[in-house]
Amino acid sequence: MEFSLSDEQRQLQQLARDFARKEIMPIAAEYDQKEELPWQVVEKAFEVGLLNVGIPEHAGGLGLGMLDECLIGEELAYGCMGIFTVLMASELGITPILVGATEEQQKRFLTPLTEKPSLAAFALSEPNNGSDAAAMGTTAVLDGDEWVINGTKMWISNGGVAEITVVFATTNKSGGHKATVALVVPKDAKGFSYNKIKHKMGQRASLTSELVFENVRVPKENQLGGLGDGFKIAMKTLDKTRVPVAAGSVGIARRALDESVKYAKDRAAFGKPIAEFQAIQFKLAEMAMGIETGRLMYQKAAWLVDQHQPHGFESAIAKAYCSEMAFNAANEAIQVHGGYGYVGEYPVEKLLRDVKLNQIYEGTNEIQRVVIARNVLK
Ligand code: CAA
Ligand code: FAD
């Protein structure tokens with residue numbers, strides 16, 4: 001058993017840590033307030049090699065593994081979970097292409113993303129179907145050599161600005177998951193439009209959109225896998241991409257701990273720093289316990305992904321455990337800050353708003369428990 005990172009992984013981690021401190025942390029609060037995606041961060045991530053890192057070498061990418069991606073993710077989220085979501089939702093967008101596409105398709109769709117700063121998106125959720133993803137209502141009808149897509153997708157990260165969006169649709173609404181297809185839709189496809197969703201509670205530096213498809217035509221060659229494979233491609237994708245959400249959650253918890261330690265040493269009450277009260281120390285200890293445990297869990301899940309071993313059970317545990325642990329850490333960080341924690345002057349207020357989403361997206365934590373329980377019972 002090996003617990004240490006390779007030299008390359010440590011360098012990658014340092015690169016991402018420096019990137020978060022230099023490019024993300026100084027602007028995070030501003031873009032959260034503006035509710036705007038900081039495109040310059042996407043450009044800089046591209047320049048330094050932190051964007052779309054999962055694109056394989058044969059398609060012109062870096063071909064990094066899941067553990068590498070998670071090490072990056074933990075650092076990005078330490079800086080800002082909203083900006084993490086911009087960059088990691090792009091990795092999510094390319095993953096169905098890694099899971100379900102031919103090598104020719106991977107080159108056709110992914111190589112352009114390596115040539116300029118570009119994002120990808122993953123469009124599964126709909127206004128009426130989130131957890132029950134197989135009940136999708138967006139339709140795809142074959143007309144000659146083209147698929148014609150109609151319907152609405154909801155809550156799509158990077159939706160509308162992504163160069164490519166993998167869209168899941170049904171060819172027959174009564175056919176369940178066996179009638180689903182995964183289709184790659186380019187940004188400029190005719191009939192494809194989006195509406196930005198405003199006033200999110202947190203992660204406001206990420207763009208979340210409703211996507212509207214009105215007779216959008218894509219060639220048959222944009223279909224990933226076979227007819228009926230759409231839902232399974234989505235599930236196999238999420239089994240992998242829930243791991244970076246766990247890593248990002250650990251990043252948030254680490255930030256909550258660091259901010260709390262700093263504040264607890266500075267703030268005095270009853271004639272001494274509050275760090276000297278055992279009640280405060282126990283909160284810090286609790287955070288540290290969660291961070292260490294959560295990191296072990298996400299790293300194990302990431303390792304299984306990289307070893308091509310079954311990983312759905314572990315990724316669901318990592319996602320649910322780490323997001324709940326990070327929520328508690330952010331909550332306690334506010335408590336440590338007292339009244340100052342409740343306003344935007346200190347970063348901990350934003351941490352709590354941001355981290356709530358980690359319990360909802362990439363499958364709610366109730367759905368993670370459905371996955372975990374099915375594994376336990378089978
Ligand atoms: N891998 C491969 N195949 C799988 C699978 C997996 N992980 N899970 C299910 N399948 C297969 C099953 O074997 C079954 O196949 P057969 O019929 O051939 O046997 C088929 O898929 C249907 O399986 P289920 O009956 O188990 O499916 P279900 O309808 O009960 O749904 C679910 C299962 C786990 C609840 C699933 O619907 C789910 O994960 N829902 C949550 C959706 C979700 O996570 N959305 C996230 C959107 S992305 C996002 O949020 C990103 C972001 O914020 C940035
Ligand atoms: P519902 O499915 O309606 O669930 C409502 C409640 O019921 C939840 O508590 C849920 O856990 C519970 N519930 C439902 N079914 C069960 C069950 N079987 N057992 C127990 N409890 C259950 N989706 C994408 O496809 N791509 C994206 O990029 C993306 N980005 C997102 C970004 C943001 C900011 C947000 C808010 C969401 C994003 N989503 C995205 C959607 C997200 O994945 C869904 O919101 C999520 O899967 C839950 O679906 P829902 O909102 O329809 O809730």
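Helix H8 gives the most to the lining of the second largest pocket: 7 residues. Keep in mind that this is a predicted model. H8 spans 278-306, and helix H1 (7-24) and helix H4 (66-79) also each supply at least two residues of that lining.

How many residues line the second largest pocket? The count is 16. Nearest the pocket's centre are Glu2, Phe3, Leu296, Gln299 and Lys300. By class, the lining splits into 7 nonpolar, 4 polar and 5 charged residues. The space in this pocket is about 520 Å³.

UniProt, in an unreviewed entry, puts "domain: Acyl-CoA dehydrogenase/oxidase N-terminal" at residues 6-114. That stretch is 71% helix and 0% strand. Its end C-alpha atoms sit 25 Å apart.

On to ligand 2. There are 15 residues around it, and Ser125, Ser131, Trp155, Thr364 and Glu366 come nearest. Which element provides the largest share of this shell? Strand S3, residues 146-157, with 3 residues. The shell holds 6 nonpolar, 6 polar and 3 charged residues.

Let's take the polar atoms one by one. Ser131 has a side-chain N or O atom 2.6 Å from an oxygen of ligand 2. For Glu366, a side-chain N or O atom is 2.7 Å from a ligand 2 oxygen. Phe122 uses its backbone: a polar atom there is 2.8 Å from a nitrogen of ligand 2. As for cover, ligand 2 on its own has 980 Å² of accessible area, and the protein covers 64% of that.

How values were computed
Residues are numbered from 1 along each chain as its sequence is written. Chains are lettered from A and ligands numbered from 1 in the order in which they are written. This is a predicted model: local features need pLDDT of at least 70, side-chain atom pairs count only at pLDDT 80 or more; totals for chains, interfaces and linings use all residues. Side-chain values use heavy atoms; hydrogens and water are left out. UniProt positions are given in the numbering used here, feature names are shortened, and annotations may be inferred rather than shown by experiment. Helices (H or I, at least four residues) and strands (E, at least two) are DSSP runs, numbered from the N terminus. A residue is near a molecule or strand if one of its heavy atoms lies within 4 Å of it. A polar contact is a pair of N or O atoms within 3.5 Å; within protein, one must be able to donate a hydrogen and the other to accept it, and residues adjacent in sequence count only if both atoms are side-chain atoms. Accessible areas come from the Shrake-Rupley method with a 1.4 Å probe; for residues, only the protein chains shown count as cover. Ala, Val, Leu, Ile, Met, Phe, Trp, Tyr, Cys and Pro count as nonpolar, Asp, Glu, Lys and Arg as charged, and the others, Gly among them, as polar. On a 1 Å grid over the protein atoms alone, a cavity is a set of points where a 1.4 Å probe fits but cannot get out, and a pocket is an open set with protein on both sides within 12 Å along at least five of seven lines; lining residues have an atom within 4 Å of a point. Grid points are joined across faces, edges and corners, and a volume is the space filled by probe spheres set on the points.
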